[in-house]
Structure formats: structure tokens, C-alpha cells
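Work through the exercises below with the model open. Try each task before reading its solution.

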Amino acid sequence: MPSFLFWLFAIVMLVFGALVVINRNPIASALSLVICFLGLSALFMSLDAFFIGIIQVLVYAGAVMVLFLFIIMLLDLRAEERRKMNWVAFVGGFLVAFSLLVQILAVIGSTRMAKQAFPPLASEHVDDVRNVGLVLFGNYNLPFQVIAVLILVATIGVIVLSKRRLR
Amino acid sequence: MAITVPRPKLTWSERLYLPAIAAGMAITLRHLKDMLLGRTRVTMQYPEQKWDAQLPEHYRGAPALVKDEAGRIRCVACQLCEFICPPRAIKIEPGEIPAKDRFSKVEKYPREFDIDMIRCIFCGMCEEVCPEQAIFLRKDYAITGLTRAEMVHNKEKLLEIGGVIHGVVLKWNEKK
Amino acid sequence: MNPTVSFILITLLKIVGIVFLVILPMVSYAVYAERKVSALIQDRLGPNRVGPAGLFQPIADAMKFLLKEDFTPAHVNKLYYWLAPCLAMVPAITTIAVVPFGSTLFGVPMVIADINVGVLFVFAIASLGVYGIVIAGWASNSKYPFLGAVRSSSQMISYELSLGLAVVPIFLLIGNLRLTEVVQYQIDHGWMILPFAGNWKNPVGWLLAVPMWISFGVFAIAVFAETNRLPFDLPEAETELVGGYHTEYSSMKFALFFLGEYAAMITGSAIIVTLFLGGWHFPGVPDGSRGWIFGLINIFVFFAKIAALLFVFMWIRFTLPRFRYDQLMRLGWVFFFEIALVNIFLAAAIIGFVDR
Ligand code: SF4
Ligand code: SF4
């Protein structure tokens, strides 16, 4: 991929990622997050990982964020917009984020992979859907099924909880 | 007393709705086909074809002033219509008939008589209230204009629409 | 010429050709067709004043929309209010990028981006379409648009599930998500809704027709719901919500919503045609490698199929009444979702146990 596209999408992601935090209006934050996801999926696609990129849009931007928006719209937004800045929390959060960044950079810098260029992909077009499917249902079949059961249990739990409130 | 309307018990096929949907689609398709083949003809191509000939006698179109058989403007400027008109569409400026005039008995005549057709609601109150049967709702319905001023019918316009109506004339005639 | 440059040029040419020469005129004439079909169904005449049989009506409409005052109410959230109409129009047109709308023309494949996850791309972009409506409803800062937006987001999420599940049997059968492969498979083995075609004696084909027809039904209905068409037009139910999410919009911004709905209809039909009705294939017509005239005929066949589906869209709109909201949700979650799920099992069983 031309590297200017990488920089373009990376900058889009960073800017809108920052906007998620900076925006006082929750809807604006949520929409910034959507654009951030779109940038991320573009980066995936630029690595020829179309499947992951598309799933990123389909699941996160298309479904999860719509639900988020749906909930946010039902809240009282004015209260959030009027709230004053909590400087202690701001500085604390900044410090945590910064130390995390330093840590990540240190860890990545110390690995061997960071010091060498990646070898090019074996073939031009990887059938990523098939590969993901094979790995998921072959090597990781048991964890996959366990997660499925977990999600099922969670779903049932939510239904039970919400119905009990009704009664 | 509460009325209980029994809900019809739907059969299995009715609850599926698919037969009903298919029947509905068939009906609309039949209408479409009939229209395409020109079997249904219900639309009148308005500006080219008009329905004027079939307008009923009591049709309430634009209000207009009328003349009697002797060519006199029947209105005596009593201003009853101006008073009754719900949207205040009528504006009358009465003029005096001089004492030596032949019709001095009538006393007043409308010097100006304007009906604002933007305001008029074609209610027919003016026709109903007029003691001289001088104002009638005629059959003109396509009242159009490009400006507000154009939509105000003045006396000449009203007379032009109104034409002549034969019938009882009260004040303008000699006393019997 | 540099291959990259020529690739970009050809792609641009395809985008411009398909969007500006086919999709946009088709959208405006879909509006005309809608008015005409609705009129004929209701024993009226429809537009017949501007040009012969009213054929220039879309141009007059466009002039009207452009010349009207573009009014922005004072109480709206300006940025999002302006953003929403674009968001409504863009996803609808973007989807067409992966749909093969013809075979080849002068050796150039008639698809803008032939990616290996074509159908997922379609779903991903279609799922972004809800943002236009939601943002419009929220930014308008008024209750009817808001109700429309809330309805639309829940409706779209609900029916996206059936939409996604309904196509699984097809991909179980084909084993490839690329839309050009889907079309190629249908050329070799008969259209998806006629899997027995060409091999009439084979009972497996007839057996396969069952899940395919169910898929087709569920998918088509879900497309109706996704494009907010009657009987699923709850987000803009004019009898209940004035105009729904576009109540506060006027002039060209309203037109964008309006045209976005038709563009979504066209792309929805394009997907149905590609997945179930054989794409650009018509029995007996060879593909574009036999001469450019056949390439053109292929493209024409594709859009003719879309036009036929659009007619069905309109026909249904002017036949069926609107659902109540709870009925809509029940239909989506209790019926179509389950039907689609069971259908996957059915298709998997047939494909797995019965050798073709
Ligand atoms: S018809 Fe009614 S509204 Fe019109 S001028 Fe007469 S009284 Fe007034
Ligand atoms: S009520 Fe009759 S006579 Fe009196 S002013 Fe009106 S039109 Fe003239």
C-alpha cells in the first residue's frame, strides 16, 4: 500500500480517537469512535486482511455503535455537557495513559521483531476467510465452543434479569 | 354498556397471512393491468376537459354582483354582506345617490365594491343575507392571479362574472 | 501506460459510468416509476404533463428541489444536521462497488472492486446506512424525527440478523464469499432460486430448492425492512410521525434522503439479483468474451432484472398496509430469525449428507 494512505488513515484514527475523549457531547464521541473504527478497518484492509477489516465495520461500526447511539440518545445529554472538568481525574488519566504508552514502547522495542523488516507475504491474495475459519474451527475449536456457551449463558442471564424487573 | 365484539377465530391458513397477501397482490395487479389496457377510465384531464356543463344549479363558485333585467346594478350598498362575511373578504365604499336623481329613493349605491378572493371561502353568506338579491355565487371556480392585487375582484370584474339575473327587484323599482 | 495508472483510470471510469450514467438516472426514474405504478394501481394516471407520458417529470422534480429554499431550523444541531443526508446517500451507492453488474466489456471485468469478502462488504456498508437516519433524527432536535430514528435503528439491527443469516445457505453451497464467484456458480449450476435448472432429473437440485426459496423469501423481506419500504416504513410512517426522521428537512437535503431510499432499493435489488437471480446471466446469452455486444447485453440484463425487482417493491408497497411496531419486531425476531436459523441447518444437512 502506498505509505501516504497508511499515514492518512493512521492520522484519521488518532485524531478521532482523541476526539472521542475530548468531545463533551456523548453522541459526538460515539460518532468519532465510528470514524476511528472505519480508519482501523481501512488499515486492516491495506494489509490485505479484508475479512478482519470488514468484520470490524460490520460488527463494531454497524451494530455495536448503533446500539450505543441508541442508548445514548435516550439519555439526558445536557447534564453531561454542563459538567465541569475534573482536573484531578484528567491529570491522573493522562499519567496512566502515558505510562502505558511508555511501557508498550519499551516492550515492543525490546522484542526481536521490532528490529527487522517483516518478510513480504507469501502470495498476493491470501484467502483470509478460509484461513480464519480453519483456524477457528480446527485449532481453537474447544475455546470457540466454550465462548459460544458463555455468550449463550450471558444472554439467558440478561433475559432473566430484565424479566424479573418487569414482574 | 360495553359491547364485546367477538374476534373471529382465524384458521391456520388465515394466520399465515400469505393467501391474503397473494389475493391483495392479485387485486392490485388487476387494477394495474386494467389501467394499462385502458379499460378503467376515471380521470378527467382537467384543463383540457372540464366538467362545467354538469355543474349543479346550486354550485357555489365565486361571488359576483348581478344586474337586473333593466341593466341596473342591483346592489344598494347596504353593507350587510360586508358585515356578515366571515373572513371579511368584502369591502364596500358606498356612494350617495343625489336627491334629484330618478332613483333617489335608493339612497346609496356601491361606488367601490371589492371582494378579496384570497380571503373568500365561498360560504355563500353574502348571497344569503343580501336583501336585494344583488350578490350571487356563480359557477366560476378557477380564480387565479399572479399577485395579491390581481386576486381582488373590483366592481367591474364582479359585474362581468355576475351577468344579469331576472327576478324580484325591490328598492330600485317604483313603489307600487 | 503504467499498470497502476491505467488500473486507477479504468476503475474511475467504471465508478463514474455506473454511478452517474446508470444508478443516479435510475434513482430519479425509479421515483417516476413509483409514481406511475402507484397511480396505475390506484386507477389514476400519474405524472403525464412534463414531456411525453410525463417522462421529463424527474427533471422538473430536480429543478424544484434545487430551487426551493434550503431551510435550516434554528433548534437543530447544525453540523450533524448537514451531515445526515450525505450519510443516508453514500452507503447506498457505495454498496454497488462490489456487485458484478456485467461480465466483461473489452476484456475489462464489469465490477468495480472484486474483493474476496464481497457479501460481507455489502452488509457492512448497509449497516452504516442507519447512521444517516439516526443522526438526522437526533440532530433535528424534535420529537417526531427522534421517534423515527429510534424506530429505524432498532428495526435495522433486528432485520440485519435475518439478512445475514438468510444468505448463509448460499455460501455453504458455494464456499466462496466473492460475488463474481457467486455469479459464476449460478451460471454453471443454475440460478440460486432454480438449483435444479439444467439438471432436471437430479432430485438433489429439487431438494436444494427448498432452503434456497426460504432464503430468498427471508432475504427479500429483510431487504424491504432495511430499506424502510412499506410495509416496514415505520421510521417515516407519515400517518404517525409526520415525516419521520426527515420531518425537519427541506429542499435538496430532503431530496437526498428521498433519493437515498431509492438508491438503497436499487442496491438491495442488485444484491438480490446477484445472490439469487443469476446476476447478469441470462440463459443462452454468452458473456462479454464473445464480443462487446454481449458484454453490453449482460449489463442490460442485470439492470433489467433490477428493474423487475423494483416493480415488485412498488407493487408490494401499494398493496400491503403498514405493520404495527410490535408486529414488526415480533416478525423479525420470532419468525424470520428462527426461520433463517433452521434454514441454515436444513441447507447444511442437505449439502452435507446428500452428495451432489
Ligand atoms: S362567499 Fe362568504 S366569504 Fe365569500 S364573499 Fe361571500 S360571505 Fe364572504
Ligand atoms: S347585501 Fe346585497 S345590497 Fe347589500 S351591499 Fe351586499 S350586495 Fe349590496
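**Exercise 1: Which chains touch?**

Chain A and chain B make no contact, and their nearest C-alpha atoms are 28 Å apart. This is a predicted model.

Task: find which chains share the most contacts.

Solution. Contact means heavy atoms within 4.5 Å. Two pairs of chains are in contact. Of these, chains A and C share the most contacts.

**Exercise 2: The interface of chains B and C**

Task: describe the contact between chain B and chain C by residues, area and polar pairs.

Solution. 

1. Count the residues. Chain B gives 15 and chain C gives 14.
2. Take the area. About 1300 Å² is buried between chain B and chain C. Carbon and sulfur atoms give 69% of it.
3. B:M25, B:L32 and B:M35 supply 40% of the area that chain B buries against chain C.
4. Look for charge pairs. The rule finds one salt bridge across this interface of chain B and chain C. C:R49 pairs with B:E48 in a salt bridge, with the closest N and O atoms 2.9 Å apart. That lies within the 4 Å cut-off.
5. Seven residue pairs qualify across the interface of chain B and chain C, both residues at pLDDT 80 or more.
6. Sort by class. The side of chain B that touches chain C has eight nonpolar, six polar and one charged residues.

**Exercise 3: The shell of ligand 2**

Task: which residues are around ligand 2, and how do they split by class?

Solution. List the residues, then classify. The residues around ligand 2 include B:C75, B:C78, B:C81 and B:C130. B:Q79 and B:I92 are also among them. By class, the shell has 10 nonpolar residues, one polar and no charged.

Methods
Residues are numbered from 1 along each chain as its sequence is written. Chains are lettered from A and ligands numbered from 1 in the order in which they are written. This is a predicted model: local features need pLDDT of at least 70, side-chain atom pairs count only at pLDDT 80 or more; totals for chains, interfaces and linings use all residues. Side-chain values use heavy atoms; hydrogens and water are left out. A residue is near a molecule or strand if one of its heavy atoms lies within 4 Å of it. Ala, Val, Leu, Ile, Met, Phe, Trp, Tyr, Cys and Pro count as nonpolar, Asp, Glu, Lys and Arg as charged, and the others, Gly among them, as polar. Buried area is the accessible area (1.4 Å probe) that two parts lose on being put together, summed over both. A salt bridge is a side-chain nitrogen of Lys or Arg within 4 Å of a carboxyl oxygen of Asp or Glu. A polar contact is a pair of N or O atoms within 3.5 Å; within protein, one must be able to donate a hydrogen and the other to accept it, and residues adjacent in sequence count only if both atoms are side-chain atoms.
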